[in-house]
Amino acid sequence: MTTVSRRNVLSLGAALGLTGALAPTTAAWSWAPSGSIAGAGTGADPRWVWDDEIDQLMANLIDRGDTARTNKALLSWVNNNDPLPADVPADLRDWLHRKTRLPTWADPALLARSTDVSRRLDTHFFILYGVGGGIMSTVIPREAKSVYWSKGGADMQDRAAKTFAFGYDMAEIGGFTPRGQFLVTANKTRLVHAAVRHLLPQSPHWRAVADETIPISQADILVTFHSTGTFAHMKLKEWGFLKNKDDDRAFLHSWQVALSQLGVRDEYIPASWEDAEEQSRQVLTPILAPTPEGKKLAEELLNMPNSLTFGLSRGLLNEFTRYLLNDDIGDWLGLKRDYVAAALIRTAWPVYMAFRRGTIPFLPVAYYGLDQFIRAFAMAFLNKGKDVRTTPITIPDMNRPS
Ligand code: HEM
C-alpha cells in the first residue's frame, strides 16, 4: 500500500478544512469522551470495539443456514412501526424488538427539523454524499478493502443504490417517526455490518490485504460519518449554508441518532460539530491513502454516470471530484486532468451556489447545465433510474468470490 507522507497528510488536511495538529496514523485514541453525547466514557479505543451482541447473533444465524429465510422475512419489514414479521428467527426478533427505537436522548422536534433541512438542501447533500463521501470512501483503506472484497463489491451500482436508500430514509420528512422508515433501514444496515464482520475474515482475498482481523470497528463507522456528515457540514458552511443555528444543530442530531442506530456507543458520538471536527482530525485525516481496491472502486463509481449515457463527461466528473476533495486525492486515484472543465467548475459552481442560497435572483441560462449534471449523477446512482426503495438491503451470505 502506498504510504502517506506527513507532508501529504498536512496538505490534505488543509484542503479538506481539517487543519490542526494531525496525529500519526498509529496514534493512540485520545479524543475526550467529555465531548460526547454521554459526556464521559471509559476511554477505550474504538478501533477495538465492534458490536458484540449482534455480531455473535448474526454469526450464529449465518452458520446455521438461516440467511435466506431471514432476508425473505425481513422484506415486508419496512416502516418504523411495522410489526416484526413472524418468520424472523426468534433470537433476531428479540434483538430487533429491543433495538429498533430512538435513543432516550433523541429530540423528535430536532429530528423533524433535520428532515426539513435535508429537503431544502437535497441537491447539495446529494452531491456531497455522492462525489464527496462516496469517492472519499475509496481512499479510506479499511473501508475500500472491506467494500471491495464483500459480496456487494462485485456490483457497485446496486451497492451505491442501497447506500443511497440509507441517506434517503434519513432525509425523508417523518423518517424518524413511527410512519417513517429510517429506524428499520439503519437496523438492517447494522445487521449487514455484523454479517460482514463474520464473513469477511473468511475471505482469503481480504485477509491477504487487510491490516486488521475483524472489519467495521466503531472507529471505522465514525470515520465514515466524518467522510460524509462532517465533510458535508464543512462544505455547506463554506458555501454559505446552515447559518441558522437550529438548522445546524438539527443536521448534527440526525447523524447522532444514525450513529446510535448503527451501534456506536454514546461515549464516541460527538456532542457538537466542534467535537466532531476534533474527532475527524484524529480518525479520518491521517488515514487517507490510495489502495488498489479503492482505485478500482473509484473507477467504477465515476464511470457509472457515463455508462448511462446521460451525457456527462468523465472530464467534468474528474474535475468536480478534484474540486470537492483535492488534487492529492485526484492524483492518487489517477483522475485524468481536463483543464477546460476545471476552469468551468471553478467559475460556475460558486455562481450556482449563490443562486441556490438566493443571493442572486436568476441563474444565467448557461448554468442550467449544472442542474443537468446533478440530475444525471442522481439517475446514475439511483439504480438505473429505479426508485431506491425497490432495492432492499439484504444480509449477505458470501464474500466477493474473486
Ligand atoms: C453495507 C451504510 C460504515 C462496510 C452497508 C449498507 C448500508 C451501509 C446502507 C447496506 C447496503 C448494502 O448491503 O450494500 C453505512 C453507513 C456507515 C457505514 C451509513 C457509517 C456511517 C461502514 C464502514 C465499513 C462498511 C466503516 C467498512 C470499513 C460495509 C460493507 C457492507 C456495508 C462491506 C456490505 C456490502 C455487501 O456485501 O452487501 N453499509 N455503512 N460500512 N457496509 Fe456500511
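**Note on the predicted protein–ligand model**

1. Leucine 128 touches Gly133, Phe231, Ala232, Lys235, Leu236, Trp239 and Leu324, leaving out residues up to four places away in sequence; contact here means heavy atoms within 4.5 Å. The residue is found in helix α6 (residues 122-136), where helices (H or I, at least four residues) and strands (E, at least two) are DSSP runs numbered from the N terminus. With a relative accessible area of 0%, leucine 128 is buried, a class that means under 20% relative accessible area, with exposed over 50% and partly exposed in between (1.4 Å probe, protein chains only).

2. Residues are numbered from 1 along each chain as its sequence is written, and side-chain values use heavy atoms, with hydrogens and water left out.

3. On the overall fold: the protein has 18 helices and zero strands. It consists of 402 residues, of which 55% count as buried. Of the contacts between residues at least 6 apart in sequence, 77% join residues at least 24 apart. The accessible surface comes to about 17,300 Å², and 56% of this area belongs to carbon and sulfur atoms; accessible areas come from the Shrake-Rupley method with a 1.4 Å probe, and for residues only the protein chains shown count as cover.

4. Histidine 193 has its place in helix α9.

5. On the shell around the ligand: 20 residues surround the ligand, and the closest are Gly152, Arg159, His193, Asp220 and Thr224; a residue is near a molecule or strand if one of its heavy atoms lies within 4 Å of it. Helices α7 (141-149), α8 (156-171), α9 (182-199) and α11 (218-238) each supply at least two residues of this shell. By class, the shell has eight nonpolar, seven polar and five charged residues, where Ala, Val, Leu, Ile, Met, Phe, Trp, Tyr, Cys and Pro count as nonpolar, Asp, Glu, Lys and Arg as charged, and the others, Gly among them, as polar.

6. On ligand oxygen atoms: an oxygen atom of the ligand lies 2.8 Å from a polar backbone atom of glycine 152. A polar side-chain atom of serine 150 is 3.2 Å from an oxygen atom of the ligand, and an N or O atom in the side chain of arginine 159 is also 3.2 Å from an oxygen atom of the ligand.

7. Isoleucine 216, in the loop between α10 (204-209) and α11, has a positive phi of about 55° although it is not a glycine; it counts as buried because its relative accessibility is 13%. Leucine 242, in the loop between α11 and α12 (245-261), likewise has a positive phi of about 55° without being a glycine. Leucine 242 is buried because its relative accessible area is 7%.

8. On covered helical positions: helix α15 (residues 314-324) is mostly covered, with 10 of its 11 residues buried. Among them are Leu316, Leu317, Phe320 and Leu324, together with Arg314, Glu319 and Arg322.

9. On two further buried residues: threonine 70, in helix α3 (residues 67-74), counts as buried because its relative accessibility is 0%. Beyond its neighbours within four places in sequence, threonine 70 is in contact with Leu61, Pro89, Leu92 and Ile395. Serine 254 lies in helix α12 and is buried, with a relative accessible area of 5%. Apart from residues up to four places away in sequence, serine 254 touches Leu111, Ser114, Met170 and Phe176.

10. On arginine 207: this residue has its place in helix α10. Not counting residues up to four places away in sequence, arginine 207 touches Pro201 and Gln202.

Key. This is a predicted model: local features need pLDDT of at least 70, side-chain atom pairs count only at pLDDT 80 or more; totals for chains, interfaces and linings use all residues. A polar contact is a pair of N or O atoms within 3.5 Å; within protein, one must be able to donate a hydrogen and the other to accept it, and residues adjacent in sequence count only if both atoms are side-chain atoms.
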